[in-house]
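Keep the viewer open as you read.

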Amino acid sequence: MGETSGTLSYAGGGEDIRGTFKAPYLVLLMVADRLEVGSVRLSLAEVVQANIGRGETFAHHRSHEGVGAQLHVEVPDGWMSTRHVELSADNDGWVMRDAGSKNGCYRNGQRCSEAQLQDGDVIGTGNTCFLFRSSVERSHLDAADASSLLMRTQPAASQTLSLPLAHLMSDLSRVATSRVSVILGGETGTGKEVSARYVHTSSGRQGSFVAVNCGALPATLVESELFGHRKGAFSGATSDRIGLVQASDGGTLFLDEVAELPLEAQVKLLRCLQEREVVPVGASRPIPVDLRVVAATHADLPTLVEAGDFRADLYARLAGVSFQLPALRDRPEDLGILIDTLLRRCSGDKAFHFAREAVWAMAMYSWPLNIRELDQALVAATAWAERGLIELRHLPPGVVASLQPAALEPEDALKTELVAALRKHAGNVSATAREMGKARVQIRRWCKRFGLDPSHFR
């Protein structure tokens with residue numbers, strides 16, 4: 001081996017490939033009438049301009065020409081022009097410009113020819129909805145682009161275009177194979193049970209995944225439900241019954257809303273976890289159990305411990321590692337993935353698509369109750385939708401309100417106002433006319449123009 005030409009050194013002076021940096025992204029959330037296109041995250045860090053237009057299929061590539069490196073995006077959307085919109089980097093960030101499109105460009109529901117983009121802006125081109133992210137933390141090991149279609153074989157919890165959530169799920173999978181207990185925090189409806197199932201699936205444990213809603217356990221039956229009982233242990237115990245803890249032997253015990261577990265039950269659960277054995281109510285001998293515990297709560301457990309409302313020793317036993325799941329408003333990149341997944345779950349074999357305004361409204365809404373709220377909104381919308389088309393009027397009032405009438409075209413604003421009045425008055429044309437200050441015949445004309453049947457609002 002030849003001699004080195006200089007002194008060997010560590011790479012501390014260079015760029016750490018495990019480090020992170022901030023990068024802008026363009027996310028195709030969905031094509032409103034072609035959900036099969038899926039969602040795609042495209043990095044803007046490597047380019048100074050992005051050109052978006054219509055194509056036969058979805059495609060993207062980068063080139064070096066003219067002003068510099070460019071991203072070219074083609075979307076199978078018949079309402080888009082061949083060259084529809086361009087995004088360009090400037091000293092203040094990124095600017096959106098209409099490239100001479102026939103149907104115009106929209107930023108947060110408002111038509112505009114040019115606009116300075118802000119983080120979280122919703123870009124409407126034809127029937128396609130994009131999301132702009134100005135600064136997302138990215139690892140040098142992260143792929144620049146990602147597609148939801150390539151994730152469909154993965155567990156539901158790991159299907160994400162949000163880089164912070166992808167990192168969190170990667171960390172979860174790393175600890176899953178150990179026996180360490182896990183606490184999942186986060187607001188209600190953020191997918192804690194789905195994540196707990198992901199831990200169980202990734203662990204390779206052969207036993208069952210047993211979910212326990214600690215807040216729903218009857219106070220008088222908590223011990224019996226958790227630890228089981230022997231025949232005759234109390235009135236009504238007509239036979240032996242194994243508890244939920246023993247049912248998870250060899251698998252994973254998921255303690256949902258663990259903060260609501262009564263203090264008395266916390267003591268016995270602590271002993272169960274410490275000794276790895278369970279004593280059913282009315283039994284004299286313990287039964288060994290091999291279980292892995294994942295706990296979830298939307299409460300602040302350290303604060304409850306400090307207040308004496310949750311046992312410190314049980315918290316110490318449960319908090320091997322803790323993860324905080326993000327709210328839906330903090331991962332807007334995943335709206336398209338979630339809508340597609342939830343629609344397929346609630347609609348069966350029936351195919352649905354969206355009006356573009358409905359997609360804009362959902363993308364701009366903050367979803368304070370997170371994925372659970374989105375799920376319920378879609379269930380209701382599919383019940384209202386005619387011919388499989390989910391329109392703005394089929395969504396909850398709070399979602400509709402996120403797309404202010406002032407941001408709509410005049411026709412869209414009128415339709416939104418008419419639908420709101422019809423819904424308020426259960427399809428009563430006379431009452432609707434009085435509220436809008438118009439004659440009944442005018443309301444009938446508008447209903448005909450927009451294809452609305454007042455009887456459908458009753």
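Two strands count as paired here if DSSP finds at least two bridges between them. Bear in mind that this is a predicted model. With that rule in hand, take strand E6 (residues 85-90) and strand E7 (residues 93-98): they pair in the antiparallel sense, over six bridges.

Six strands make up an open sheet, running in the order E4-E5-E3-E6-E7-E10, with mixed pairing. At the edges stand strand E4 (59-65) and strand E10 (114-116); each has a single partner strand, so one side of each is left without a neighbour in the sheet. Going from one strand to the next, the twist averages 20°.

There's another open sheet to find, built from seven strands in the order E9-E8-E11-E12-E1-E2-E13, and its pairing is antiparallel. Its edge strands are strand E9 (110-111) and strand E13 (146-147), each of which pairs on one side only. Inside this sheet, strand E8 (residues 105-107) and strand E11 (residues 122-125) run antiparallel and are joined by three bridges. Arg107 is the residue standing opposite Ile123 in E11. What packs on the sheet? Helix H9 (residues 356-364) does. H9 touches strand E1 (20-31), E8, E11 and strand E12 (128-139), and its direction makes about 170° with that of E11.

Met362 is a handy place to look around: leaving out residues up to four places away in sequence, Met362 touches Leu335, Ile339, Phe354, Trp367, Leu378, Leu395 and Val399.

Next, a stop at Ala196, which sits in helix H2 (residues 192-203). Is Ala196 buried or exposed? Its relative accessible area is 0%, so Ala196 is buried. Setting aside residues up to four places away in sequence, Ala196 touches Leu184, Phe209, Phe254 and Val294.

For a helix to look at end to end, pick H1 (residues 163-176). Its 14 residues reach 20 Å from the first C-alpha to the last, close to the 20 Å expected at 1.5 Å a residue. The buried residues of H1 are Leu163, Leu165, Leu168, Met169, Leu172, Val175 and Ala176.

Last, the cysteines. How many disulfides are there? Counting sulfur pairs within 2.5 Å, the answer is zero. Cys346, for one, is in no disulfide, as the nearest cysteine sulfur, that of Cys129, is 19 Å away. Cys346 is partly exposed, with a relative accessible area of 31%, whereas Cys447 is buried, at 3%.

Technical notes
Residues numbered from 1 in each chain as written. Predicted model: local features only at pLDDT ≥ 70, side-chain atom pairs only at ≥ 80, totals over all residues. Heavy atoms only, no water. Helix = DSSP H or I, 4+ residues; strand = E, 2+ residues; numbered from the N terminus. Expected span 1.5 Å × (residues − 1). Buried < 20%, exposed > 50% of the residue type's maximum accessible area, 1.4 Å probe, protein only. Axes fitted to C-alpha atoms, helices over the stretch in contact; angles between N-to-C directions. Contact = heavy atoms within 4.5 Å.
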